[in-house]
Amino acid sequence: MDRRRATTSLAAAALAAVIAASGRAADAAPAETAKAANGPRPSFVETGDGASLFYNDWGVGKPVLFTHAWGLNADIWEYQLTELVDHGLRCVAYDRRGHGRSTDPGRGYDYDTLADDLAAVVEQLDLRDVTLVGYSMGNGEAVRYLSRHGSARIARLVMVSTIPPQTDSSRFDGFIAGPKRDRPDFFVKGVAAFTGRHPAVSPAMTEWVIAQFMRASPKATIECMRAIARGDLQADMRAVALPTLIVHGDKDQVSPLEKTAKQAAQLISGGVLKVYEGAPHGLVISHRDRLAQDILAFARS
């Protein structure tokens, strides 16, 4: 009797395993079909010191490579990426180390290392004839990349809401002290300066931006702010010898126009400054359609 029960139990277990395996196979097939239909999935680039950088690589055609602002990640470029891909460009956007979905090695938050990370993305994806788009701190990475690695793979540069060519470090003390004291409160209260309370930025979108800030590593945001505070990009900007479009808002409370974009335009030979009236630092979302069209026209030039 015990033997029959044991045999029955084994048979039932085997049948359950077959049913479960069949279910997994059935579930996997639609998933693989959906994956194929949606095209390449996001992946990672490995840096020289072992960090893993998450990136999106959408579309085909001439490549446009995006860096992002301090504390944010590649998602902030959502509206430009989707629009440019629809117009036949290949768009690559990655998360800085310690930001978004990239790993946090706890080191390497200086401009030289961050520029080398950018080079790893360019080289491992074999990008050529690139329109490089920097945003806020990402402009520091972009111009330092050009001075360290040259412009053989880069055809043109777009600088959005740039930072000062040379920084007054004391101005950024609060950006370091605030996150150390109460990081969520700092971002919730500070997001208004980023969006400028522009009517095109909904409350839901504001929450989305805050969520991006909160996803960044505390170590990364503090060390990157120290890099900005110590930054001197004057020599890097003077060395830029590419067609350069500088886009900045005249209502930017984070990086005032007079101290940032206007100075950058003077340092970069042939740099063209385009000022968006009423635009805040976060013009990538407040003026998202206009910026996408400007990048599209410049990338095709």
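Guide: Let us begin with Arg148, which is partly exposed at 42% relative accessibility; here buried means under 20% relative accessible area, exposed over 50%, and partly exposed anything in between, computed with a 1.4 Å probe on protein chains only. The model is predicted, so local features need pLDDT of at least 70 and side-chain atom pairs count only at pLDDT 80 or more, although totals for chains, interfaces and linings use all residues. Residues are numbered from 1 along each chain as its sequence is written, and side-chain values use heavy atoms, with hydrogens and water left out.

Arg148 forms a salt bridge with Asp116, their closest N and O atoms lying 3.0 Å apart; the term stands for a side-chain nitrogen of Lys or Arg within 4 Å of a carboxyl oxygen of Asp or Glu. Because Arg148 belongs to helix α4 (residues 137-149) and Asp116 to helix α3 (residues 111-124), the pair ties together parts that are 32 residues apart in sequence. Helices (H or I, at least four residues) and strands (E, at least two) are DSSP runs, numbered from the N terminus. Asp116 is partly exposed, with a relative accessible area of 29%.

The whole structure holds 18 salt bridges, and another of them, between Glu223 and Arg226 with N and O 2.8 Å apart, lies within helix α7 (residues 218-230), where the two residues are three positions apart, about one turn of the helix. Glu223 is buried at 17% relative accessibility, whereas Arg226 is partly exposed at 26%.

Met159 in β6 is the bridge partner of Gly134. The chain crosses from β5 through α4 to β6, and this β-α-β crossover is right-handed: with the strands pointing away from the viewer, the path from the first strand over the helix to the second runs clockwise.

Six of the six residues of β5 are buried, so the strand is largely enclosed by the rest of the structure. Val130, Leu132 and Gly134 point one way from β5, while Thr131, Val133 and Tyr135 point the other way. β5 also runs parallel to strand β3 (residues 63-66), to which three bridges join it, and Leu132 stands opposite Leu65.

These strands belong to an open, mixed sheet of eight strands in the order β1-β2-β4-β3-β5-β6-β7-β8. Since β1 (43-46) and β8 (271-276) stand at the edges with a single partner strand each, one side of each is left without a neighbour in the sheet. On average, neighbouring strands are turned by 25° against each other, direction ignored; axes are lines fitted to C-alpha atoms, for helices over the stretch in contact, and angles run from 0 to 180 degrees between N-to-C directions.

Elsewhere in the sheet, four bridges join the antiparallel strands β2 (residues 52-58) and β4 (residues 90-94), with Tyr55 opposite Tyr94 in β4. Helix α3, which carries Asp116, packs on the sheet and touches β1, β2, β3, β4 and β5, its direction making about 115° with that of β1; contact means heavy atoms within 4.5 Å.

Definitions and conventions:
Pairing = 2+ DSSP bridges.
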